[in-house]
Amino acid sequence: MARIAILGASGKLGERLVNRALELGYSVNALARDPRRIKRQNENLTVISGDAETGEGLDAVVDRCHFVISAVGSLRPMMTPAMNQLVPKLETLKRFERFVLISRLGTGESLLQSAKVSGPVQSRLPVLLTPIFRDINGAEQRVRQSALPYTILRSTRLTDDPATGKVLTVGPAEPPPHRITRADLANYVLALLESRDGLRAEVTVGSA
Ligand SMILES: NC(=O)c1ccc[n+]([C@@H]2O[C@H](COP(=O)([O-])OP(=O)(O)OC[C@H]3O[C@@H](n4cnc5c(N)ncnc54)[C@H](OP(=O)(O)O)[C@@H]3O)[C@@H](O)[C@H]2O)c1
């Protein structure tokens, strides 16, 4: 079975990505700054200690992987340095099929779309969190400039509700979809990996 590397595996979305990938029978390499935060144990799961921002552990985590998913995020700018570390490593991989970057609504061409989100705070996030959004834009740019088979998923607000199966992807000119559960997003990302859809594409993802 194919091998997937998941960055940000100790996070809330990351945990669901790991669980779904194992459920589907993949071998999973999970990067975490503190491996003790990954409670799941499975013969197909390898937890690797490292830091996406400095590049520590990245060689080991992407080794022999067919797919890589980044679900890293922080209230501190770190995604541009993380992509500067990661992208050149992915470009050297053989049999590599897809990189999925989990990004946020409000970056790139979705900036104007985010202003149409309901709620005074959510609609102004790119302005209220300017350094964070500048950092994520930089990360997207690094991926876009690469030769990689990538998909950038700009997610609406994430929730911890159960999966609904109602995932909606739209282009930047369409109205923004509603917030999405992490369970739905994880299921969507795993289904996307083996499809031919969305290669070298950037879409907004949320719920119907
Ligand atoms: N929350 C939302 O409403 C929302 C909306 C749209 C998009 N997103 C995006 O969706 C993704 C997941 O969101 P979430 O809310 O599930 O996030 P989360 O629970 O905060 O998880 C973030 C993950 O990133 C990891 N991380 C941060 N800095 C790192 C570094 N230097 N090296 C390695 N790992 C690092 C964290 O590791 P530690 O455990 O070590 O801290 C954690 O595993 C993020 O990319 C976020 O920007 C979130």
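Mentor: Sorted by type, the residues of the shell around the ligand are 8 nonpolar, 7 polar and 9 charged. Keep in mind that this is a predicted model. The ligand is surrounded by 24 residues, and the closest are Gly 8, Gly 11, Leu 13, Ala 52 and Gly 73. Two elements that each supply at least two residues of this shell are helix 1, residues 12-23, and strand 5, residues 98-104. Helix 1 gives the most, with 3 residues.

Now the rest of the chain. The protein chain has 7 helices and 10 strands. Its radius of gyration is 16 Å, close to the 17 Å that the globule rule gives for 208 residues, so the chain is as compact as a globular protein of that length. The C-alpha trace spans about 45 × 35 × 35 Å along its principal axes. Of the contacts with a separation of 6 or more, 68% are between residues 24 or more positions apart.

Buried residues make up 45% of the 208 residues. In soluble globular proteins, nonpolar side chains tend to be buried together. Here the largest nonpolar core has 56 residues, and Ile 6 and Val 189 touch the most other members. Helix 7, residues 182-193, gives the most to this core, with 8 residues. Leaving aside residues up to four places away in sequence, Val 189 touches Leu 17, Ile 69, Val 100 and Leu 153.

Note on methods: Residues numbered from 1 in each chain as written. Predicted model: local features only at pLDDT ≥ 70, side-chain atom pairs only at ≥ 80, totals over all residues. Helix = DSSP H or I, 4+ residues; strand = E, 2+ residues; numbered from the N terminus. Rg over C-alpha atoms; globule rule 2.2 N^0.38 Å. Buried ≥ 20, exposed ≤ 12 C-beta atoms within 10 Å, placed from the backbone. Contact = placed C-beta atoms within 7 Å. Near = placed C-beta within 6 Å. Nonpolar A, V, L, I, M, F, W, Y, C, P; charged D, E, K, R; others polar. Core = buried A, V, L, I, M, F, W, Y, C linked by C-beta atoms within 7 Å.
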